[in-house]
Amino acid sequence: MLSFAFFLFFSYPAFVAAQSNGDYQTNGNVTFASATNWQIYSGGWIAAATAPDYNNGVITIRSGHTATLSTSETLDQVIVQNGAVLNVNSFRTLTLNDGPGTDLRVFGILNNSGTINLAAGAFLQFTSTGVYNHTRNGGSIPSANWHSASDCNITGVSNSMPSGLNQSFGNFTWNCPGHTGNLYMQSDMTVQGNMTVSNTGPVFDPNTRALRMSNNSTGYTITVLGDFI
């Protein structure tokens, strides 16, 4: 069943917070395995001696900068500003601890080629400008609070459907040039914006290379409040 409706939405206000000692921010492109280009607040911003982890304060990836998980990390209170990028590399795990406030707030782009785990009580939020790119085969889309204007893009799937579809997304796009065979969503889901299926492999073949709702007698419902494209 596909449901369609017109609706209005409002953007989240720009996130502004006062600095506290122990907060971190980027001063260029960074990894979480090195102190290079990290700054820590200690009455003012100074070069950090170590990279941040969940024991520190707010960690801000600033606009124009890219932060990469080249090693598995446990983090908390992370902000990805609009214009910033957070990459989770292949075979790496980002674990979000449940700490003060929102544990990961995405105004920019989160590229997931690895795994994102949420500890009990942890909270992941995609704002109106937030973008999630699932750049791997299989895996899991993390459970999150998705603004109606946010984007969830599935781009890296070849022959294994990711889990985590049973949630309420903003806009949802399937754009997988490496898609092979028939893949089955097998999940109820809600799309608050538009749902787009733009690429299911190099050769268009709806019989043997398709994105399908189900492969068994179980009924599933996809509710789309914007356009189904």
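**Group meeting: a walk through the predicted model**

Let's start with one glycine. Glycine 226 counts as buried, because its relative accessibility is 12% and the cut-off for buried is under 20%. Keep in mind that this is a predicted model.

Where does glycine 226 sit in the chain? It is found in the segment after β24, the strand spanning 222–224. And what about glycine 193? In sequence, glycine 226 and glycine 193 are 33 residues apart. In space, their C-alpha atoms are 4.6 Å apart.

Next, a sheet. Three strands make it up, in the order β7-β10-β13. The sheet is open, and the pairing is parallel. Which strands stand at the edges? They are β7, residues 73–75, and β13, residues 115–118. Each has a single partner strand, so one side of each is left without a neighbour in the sheet. From one strand to the next, the twist averages 20°.

Look at β10, residues 93–96. Strand β10 pairs with β13 in the parallel sense, over four bridges. Leucine 94 stands opposite isoleucine 116 in β13.

Leucine 94 comes up again in the core. The largest nonpolar core has 46 residues. Which of them touch the most other members? Leu86, Leu94, Leu104, Leu110, Phe172 and Met185 do. As background, nonpolar side chains in soluble globular proteins tend to be buried together.

Take Phe172 from that list. Leaving aside neighbours within four places in sequence, phenylalanine 172 is in contact with several residues, among them Cys152, Ile154, Leu165 and Met185. Its contacts also include Met189, Val191 and Asn194.

Now the rings. How many aromatic pairs does the structure hold? Eight. One of them joins phenylalanine 126 and tryptophan 146. This pair is stacked, at 4.3 Å centre to centre, with 10° between the planes. Phenylalanine 126 lies in strand β14, residues 124–126, and tryptophan 146 in strand β16, residues 145–146, so the pair ties together parts that are 20 residues apart in sequence. Both residues are buried.

Tryptophan 146 also pairs with tyrosine 132. Here the ring centres are 6.0 Å apart and the planes are at 85°, so this pair is edge-to-face. Tyrosine 132 is in strand β15, residues 131–134, and the two residues are 14 residues apart. Tyrosine 132 and tryptophan 146 are both buried.

Last point. Which residues form one aromatic cluster? Phe126, Tyr132, Trp146, Phe169 and Phe172. Phe172, then, belongs to that cluster and to the largest nonpolar core.

How values were computed. Residues numbered from 1 in each chain as written. Predicted model: local features only at pLDDT ≥ 70, side-chain atom pairs only at ≥ 80, totals over all residues. Heavy atoms only, no water. Core = buried A, V, L, I, M, F, W, Y, C linked by side-chain atoms within 4.5 Å. Buried < 20%, exposed > 50% of the residue type's maximum accessible area, 1.4 Å probe, protein only. Contact = heavy atoms within 4.5 Å. Pairing = 2+ DSSP bridges. Axes fitted to C-alpha atoms, helices over the stretch in contact; angles between N-to-C directions. Phe/Tyr/Trp six-rings, centres within 6.5 Å; stacked < 30°, edge-to-face > 60°.
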